[in-house]
Amino acid sequence: MKRTLLALLLSVSLLADATWAVAPAKIVQAGPGARIAGIDISHWQHPKDAPIDFTQMYSAGIRFVMIKGADAQTAADEMALKFLIPDRKAAQRALLYTGFYYYAYLPDSTDSAFIIKDAQAQAQKVVWRIGQIGGYNRRDLPVALDLENNCQRTNGRGTCLKYMARTNVTLWAKTWLQTVTEKTGRKPIFYSYPQFLESAMVGDPALRQYPLWMARYSLDPALTTSQPNAKGVGCFAHPWSNANCTAQWQFWQYTSCGIAGKYGVPGTRVDLNVFAGTTSKFLALIRGTWTPEPADSLPQNEPTTMQLVSQSSQSTNEPFIATIDVLRPDGTPVVTGTVRFKSLDDSLTIGTQTSVRAATGRWTVTVNGLVAGNYLGILQYSDPSGTHAGNTFPVQFQVTQGTTPPSPTASPAPTKTKAPAVDTCAGQIRN
């Protein structure tokens, strides 16, 4: 009898695991303006790894949740993956529909062929991530591209040194969206804000075929007069703009100041969204499943090759700079990892170094504080995710003794005054 009962309980459990992702859910339109309500989350909604109560989120009227699931930068990508899998599973068990978004960085190049190659590589990274979670199921929205920064070169400290031309930003975005569509059979969502769409991209009508997720705060979506595409005078002009000053948006992120605890989210604030259309239009975005082919599965410890793009030998007053590409066996760029310089002579002093991702698979390494001498070393590629195998590339350069500038006269330290607190939620909706 005990064995029969145990078998029955086991079969019920297995049946539940097989059907939870397709269980029916009542899609109420409980958001502002009687729209379908949604939330988007990332690791910031897990302070000290605290879990999210998705059942409470569902009870509060939320019906979809967008999860940060991937990032072009390695450390941020690992953090996203840490929470994507458990959050997606828990949310779908709570009968929520889920999607995930990829935060993109643009390559440091003006060459069209290189820009296309970079977009294809970042698209492949997203396809692999969808494969890691088992492909799309019947409760998944299409993946979203988060493109909100047109900086293509920084100084390693976050200051932008060069911005990408509008035509190249558009080329990159179109290539990424098209590649993901071809790989998955579903059109991805495009996330950005109207100022970026207008100033950083050109009005290519081909982009209108992709659902737009627009971020625009300080407007109340409950008011029929609120249009997220409107300016103080006129409207924003971009690929999704309509003639009547509205925009062809499907999702509107209308605040970053939602009351987190109300929705089962740890912390104080969370992003809130609404869907523009009807229930049938919402479900139309979810139709279709995709299961990855073996070729779309994430590789493990895949062999790599390295190619030196450029290097400079300087005096002690200047840094050593090297740019290097790391490639997969088929010649496409690796999608994660980093590169560092390592001297093979421990007697020579090395100060500080930075490694800046210039594009997918390309890093610029800058080494400061070198003493005069002949350097023999390696540029060392490593990938903490284990997707690509580590590798090294030998480099040799000479540093000459530069002129030593006179020591500056010490000046008294400026008096520090405490800046007044800034309310980052001023003017935003706090639902």
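Predicted model: local features only at pLDDT ≥ 70, side-chain atom pairs only at ≥ 80, totals over all residues.
**Entry 1**

Residues are numbered from 1 along each chain as its sequence is written, and side-chain values use heavy atoms, with hydrogens and water left out.

I then noted that strand β4 (residues 144-146) and β7 run parallel and are joined by 3 bridges. For pairing I used the rule that DSSP finds at least two bridges between two strands. Strands here are DSSP runs of E with at least two residues, helices are runs of H or I with at least four, and both are numbered from the N terminus.

On β8 (residues 212-215), I found 3 bridges to β7, again in the parallel sense. Leu212 is the bridge partner of Phe190 there.

Buried is under 20% relative accessible area, exposed over 50%, and partly exposed in between, with a 1.4 Å probe and protein chains only. In a regular strand the side chains alternate between the two faces of the sheet.

**Entry 1: disulfides**

How many disulfides does the structure hold? I found 2, taking a disulfide as a pair of cysteine sulfur atoms within 2.5 Å. With the bonded cysteines numbered in sequence order, the pairing is 1-2, 3-4.

In the link of Cys151 and Cys160 the sulfur atoms are 2.2 Å apart. I read 105 degrees about its S-S bond, a right-handed link. Cys151 has a relative accessible area of 10% and is buried.

The disulfide of Cys257 and Cys425 has an S to S distance of 1.9 Å. Its torsion about the S-S bond is about -95 degrees, so this disulfide is left-handed. The pair links distant parts of the chain, 168 residues apart: Cys257 lies in strand β9 (residues 249-259) and Cys425 in the segment after β17 (391-399). I noted Cys257 as buried at 5% relative accessibility, and Cys425 as buried at 9%.

**Entry 2: Cys235**

I looked up Cys235 as well, and at 25% relative accessibility Cys235 counts as partly exposed.
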